[in-house]
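Please look at the model first.

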Amino acid sequence: MNYVEETISKYEKYINPAQAKLFRFMGLGSIEASAEGWTITDSEGRQFTDFLGGYGMFAVGHRNPKVVEAVERELHGMPMCGKVLFNRPMADLAEALAEITPGDLQYSFFVNSGTEAVEGCLKMARLATKRTKFVAAKDAFHGKTMGSLTATGRDLYRQPFQPLLNGFTHVPFGDAAALEAVVDEETAAVILEPIQGEGGIIVPPAGYLKQAKAICEAKGALLIADEVQTGIGRTGTWFGCNHDGVAPDLMACAKALGGGVMPIGAIIGSPKAWEGLIEAPFLHTSTFGGNQLACAAGVATIQYIKEENLLVRSSEVGAYLKAGLQKIAEEFPSVIKEVRGTGMMLGIELTKEGAGGMLMSLMIDKNVIVAYTLNNPKVIRMEPPLIVPKEVVDEVLAKFYDAVKMTADVIEDLD
Ligand code: PLP
């Protein structure tokens, strides 16, 4: 058995045989060995252009040298926090987040993933309001631990784990009137993604978050922005809620915050949302959360985005990529229904169920990694590192054109 076969057989035996089969079926029979910038190299030396970006995690690219350097510095000093003495990288990251987040968001609590950040926001909202009801959106994705899974709006993931938490209502995303109809004096918080990622890159009407905030304020509820995917520059602004000029009361952040080198999540809140935790700081704790390696990665990531002007760059290159995709969509209406998204968070909705898997395989065949969205397999998403240059976008667009053309031919033959 060679290295690849050995690895796949270990997956089959010790991880999950069905997952191994699915990967093989999608033409993903290779092992990631190293990565740099927007390129992933497998164990056989084959190079892939990464236009999935770890579902939004690799905003500053793979193995960003500034992030690696910052993490290495901590690695040889105090990599994991002892939790008893003060921790400088954590203090620095909390300060940096307070500076880039909107409104009066000020305090941070650090965790290790997106779902934990959402769990923390839900707990903080209950603590601050002494209420227990929540409103979330249909097709939302907030993670898969019990609390965030309750907020997640897709039954496929929820059903096997019922009963979940009580008191959650799901309303259509982007519909302020539907939100207003259910938020009441018992609602602790409304939780929303500024752009639904796994739901299929759904951009709500302009002003939706602003309306949501006003609805919450009128009933004494809090607004939680789940910025796990949209946060840290993905949409061409620091946060998705910046597009609406809205400051939520609580924000969940993760993915890109670790610079693609360390796992980290953050619960960020206003002084009002934080009162309960200030009174009793040990109501929420985490052994690994806030460790120096992860916080140093976060500080270096924010610094890098500022220094390289990545917010402007990503919105310009993102618009260029979107325009290129729209041109392809116009030529192949039998394959592509719509191209949507903001900055470097783009979705391509296909006309047919099943075309997503086919396009994904064709692109992988052409050494470009893309994937469909978790809650909507009819939508291919592109979330490349924000540093990707226009020349690489051109190469990917040329390959995507060929893949869509092949798909159009197959659809024509089937029809
Ligand atoms: N919230 C949003 C908006 C996400 O997109 C995700 C993951 O895709 C999560 C939460 C969960 O994050 P994690 O997978 O790190 O738990």
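## Helices α14 and α15

At what angle do helix α14 and helix α15 pack, and how far apart are their axes? The angle between α14 (residues 355–365) and α15 (residues 390–414) is about 135°, and the axes lie 9 Å apart. Axes are lines fitted to C-alpha atoms over the stretch in contact, with angles from 0 to 180 degrees between N-to-C directions. Helices are DSSP runs (H or I, at least four residues), and strands are E runs of at least two, numbered from the N terminus.

Contact means heavy atoms within 4.5 Å. From α14 come Ala-355, Met-358, Leu-359, Leu-362 and Met-363. Their partners in α15 include Phe-400, Ala-403 and Val-404.

## Basis of the model

This is a predicted model: local features need pLDDT of at least 70, side-chain atom pairs need 80 or more, and totals for chains, interfaces and linings use all residues. Numbering starts from 1 along each chain as its sequence is written, and side-chain values use heavy atoms, without hydrogens and water.

## Helices α6 and α11

α6 (residues 114–129) packs on α11 (residues 271–279) at about 85°, axes 8 Å apart. The two helices are therefore roughly perpendicular. Met-124, Leu-127 and Ala-128 of α6 make the contact with α11 residues, among them Trp-274 and Leu-277.

How values were computed
Parallel < 35°, antiparallel > 145°, perpendicular 65-115°, else oblique.
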